[in-house]
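Please have the sequence and the coordinates open while reading.

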Amino acid sequence: MSAPTVTFTSPAAGAVQGTVVLSVTATDNVGVASVIFKVDGAVVGSMLSVPPYTFNWNSTSVANGSRTITAEVRDGANNLATATRIVT
């Protein structure tokens, strides 16, 4: 079994404000089981199991500064892939 692949489509790296669309494309040779978004390691939103893999994150819920957004993707065999994006 191969690990899934995941790529951020939104947001672009750099400055963000207000409601920010977190969006990834995720694929797997068997099928994507789940996508979870995290901001600085804390889960935001619900687990997604069908596309589109998108969540509207309220960036005003955290203090100003650099933030690491992570998308964790698992397939049916529990293989994990991650993608990160740094925003301020």
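V16 counts as partly exposed because its relative accessibility is 22%; the class in between runs from buried, under 20% relative accessible area, to exposed, over 50%, with a 1.4 Å probe and protein chains only. The model is a predicted one: local features need pLDDT of at least 70, side-chain atom pairs count only at pLDDT 80 or more, and totals for chains, interfaces and linings use all residues. Residues are numbered from 1 along each chain as its sequence is written, and side-chain values use heavy atoms, with hydrogens and water left out.

**Surroundings of V16**

- V16 sits in the loop between β1 (5-10) and β2 (19-27); strands are DSSP runs of E with at least two residues, helices are runs of H or I with at least four, and both are numbered from the N terminus.
- Leaving aside residues up to four places away in sequence, V16 touches P11, V87 and T88, where contact means heavy atoms within 4.5 Å.
- From V16 to N56 the separation is 40 residues in sequence and 12 Å in space, C-alpha to C-alpha.

**Overall architecture**

- The chain has 7 strands and 0 helices.
- The radius of gyration of the chain is 13 Å, close to the 12 Å that the globule rule gives for 88 residues, so the chain is as compact as a globular protein of that length. This radius is taken over C-alpha atoms, and the rule is 2.2 Å times the number of residues to the power 0.38.
- Along the principal axes, the C-alpha atoms fill a box of roughly 40 × 20 × 20 Å.
- Of the 88 residues, 35% count as buried.
- Contacts between residues at least 6 apart in sequence join residues at least 24 apart in 54% of cases.

**Surface and charge**

- The accessible surface of the chain is about 4800 Å², and 52% of this surface belongs to carbon and sulfur atoms. The areas come from the Shrake-Rupley method with a 1.4 Å probe.
- The 4 positive and 4 negative charges of the chain have mean positions 8 Å apart. Lys and Arg count as positive and Asp and Glu as negative, while His and the chain ends are not counted; a charge is placed at NZ of Lys, CZ of Arg, CG of Asp or CD of Glu.

**Aromatic pair**

- The whole structure contains 1 aromatic pair.
- The ring centres of F8 and F37 are 6.4 Å apart and the planes lie at 50°, so the pair is tilted. Rings of Phe, Tyr and Trp (its six-membered ring) pair if their centres lie within 6.5 Å; planes under 30 degrees apart count as stacked, over 60 as edge-to-face and the rest as tilted.
- The pair links distant parts of the chain, with F8 in strand β1 and F37 in strand β3 (residues 32-39), 29 residues apart.
- F8 is buried at 7% relative accessible area, and F37 is buried at 1%.

**Backbone features**

- S10 and P11 are joined by a cis peptide bond with omega about 5°, and P11 lies in the loop between β1 and β2.
- A cis peptide bond also joins P51 and P52, with omega about 0°; P52 lies in the loop between β4 (42-48) and β5 (53-58).
- D40, a residue other than glycine, has a positive phi near 50°. D40 lies in the loop between β3 and β4 and is partly exposed, with a relative accessible area of 42%.
- N78 is not a glycine but has a positive phi of about 70°. N78 is in the loop between β6 (67-75) and β7 (80-87) and is exposed at 52% relative accessible area.
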